[in-house]
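Please open the model in your viewer and keep the sequence alongside it. The tour below moves from one selection to the next.

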Amino acid sequence: MSGKVYLIGAGPGDFGLLTLRAKEILGFADVVVYDALANASYLSLARKDAECIYVGKIADQHALKQHEINALLVQKAQEGKLVARLKGGDPYIFGRGGEEAQELLSAGIAFEEVPGISSTISAPAYAGIPLTHRDFASSVTIVTGHENPDKARSAINWDALARSASTLVFVMGMKNLPNIVENLLASGLDPETPAALVYRGTTPRQRSLVATLATLPEEAVRQGFTNPSVIVVGKVCSLHDELNWFEKRPLFGRRIVVTRAREQASSLAMTLQELGAEVVQFPTIRIEPLEDNAALDKAVEELASYSWVIFTSVNGVRWFWTALRKAGRDARALCTARIAAIGPATAKALEEHGLCPDLVPDKYVAESVVEALEKTGSLAGARILLPRAAKAREVLPDCLAKAGATVDVVPCYETVPEDAPKDEILQRILAGDIDCVTFGSSSTVDNFFSLVPAQTMKEHPGVLLAAIGPVTARTIESYGLTPGLVPENFSIPHLVEALTAHYSKD
């Protein structure tokens, strides 16, 4: 029985511009066939067991020729598979989606076209160029800058384009930019007409320029613009400097490595991306449950005997709550103990379980925690539960013990090294293509340098090493390196604020 092929527009590159329908299909497809202009992060939306096949075509580098792609789609569908054909932009706007649909129809394969946001409209929009505007243009003409080379003559009516008073958008035209400009000028378009280029629109690598039509080819060469760039011609280009919101974000274009565990990294990565950064996910640790939870199970049974329960991380909350629910208990089991959370993220995790912490110290170091606890009353004789990672610093329990408390340190999870692929990171560091590496804990530092030699970082001092706090900073220093940034308050939001302030000085 034949399957079905979904011709999906993957949009221009911004992960957030994928449609809900496309996301839904990726979630159930058996096979994902994707090209070079589709954001590779979309593969994370696919089923874990889905077969993912790259068929990208860039200039003269073709993973598969078009007729081979067509045959592949037919073959997979004939095997009874549901195939997600992921294409950059919109399949039917210079994406050869119509040709693929015809091939499927000829082979008797069911198909569905899922429109995507085309770079022809999104790239200019992200560069502050509205394609229509009541003062400048009432129509838009989208033109290929790379016609079929087998055509005997151009199908483009250059005279009509020049007379149209329309905004002109050319795609795949950088190689032919001088000819495009020459034809427009020869057809009577004013040489002083504003014109623009937008490279890799909607992505963190976006660049744009505005010139006159006559000077655009020269400016393109001078500023190193290549494909994939969208060419825009028309008076609307004059709005670029005023409306260019995307490239004005505080971390725009910064390439920042996130080393946190994959399950922890999403909030940091999302915040950095919202501020314009290109986030490079390089998880160096993985959070795993313990094989032996006997100590944690015993602590859950004896919760009524504790004066305080101190949570030092979101992971501590997560795995403690797992043990609590396994024992058939809930938040009511903590009714006799007071709760402390080390940091706002940990406090938020507790609140999600219906608990408002009694104490969140101003500073997230052991001495400040103990000082804040002592202000609520003497710790002498108090029994304190500290659910945390299997391997952690002993400073906090030691300080609590010195204050007279009895401390039960109970491991409830462990951090283990993540076998992250290091080749890409190494290559990008060596090429000067990384601006910053962020570290959220000492374990991320240790595991990062087990994969990337400290000597490599010493030889590339332009890479900013950002530590969440002084303990993590000292771990960086133990490798003979100097942290370039440590926020005054030790939390992820404050780390982001510090990064923003640092780069705003440039």
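Begin by selecting Y54, which is partly exposed at a relative accessible area of 39%, where partly exposed lies between buried, under 20%, and exposed, over 50%, with a 1.4 Å probe and protein chains only. This is a predicted model, in which local features need pLDDT of at least 70 and side-chain atom pairs count only at pLDDT 80 or more, while totals for chains, interfaces and linings use all residues. Residues are numbered from 1 along each chain as its sequence is written, and side-chain values use heavy atoms, with hydrogens and water left out.

Next, select W158 and F170, whose ring centres are 6.1 Å apart with planes at 15°, so the pair is stacked; rings of Phe, Tyr and Trp (its six-membered ring) pair if their centres lie within 6.5 Å, and planes under 30 degrees apart count as stacked, over 60 as edge-to-face and the rest as tilted. Because W158 belongs to helix α5 (residues 158–163) and F170 to strand β9 (residues 167–171), the pair ties together parts twelve residues apart in sequence; helices (H or I, at least four residues) and strands (E, at least two) are DSSP runs numbered from the N terminus. Both W158 and F170 are buried.

Then select F282, F439, F448, F449 and Y479, which ring pairs link into a cluster.

Finally, go to helix α10 (residues 294–301), where the buried residues are L296, A299 and V300. Viewed down the axis of α10, these fall within an arc of 100°, so they line one face of the helix, the arc being that of the directions from the helix axis to the C-beta atoms.
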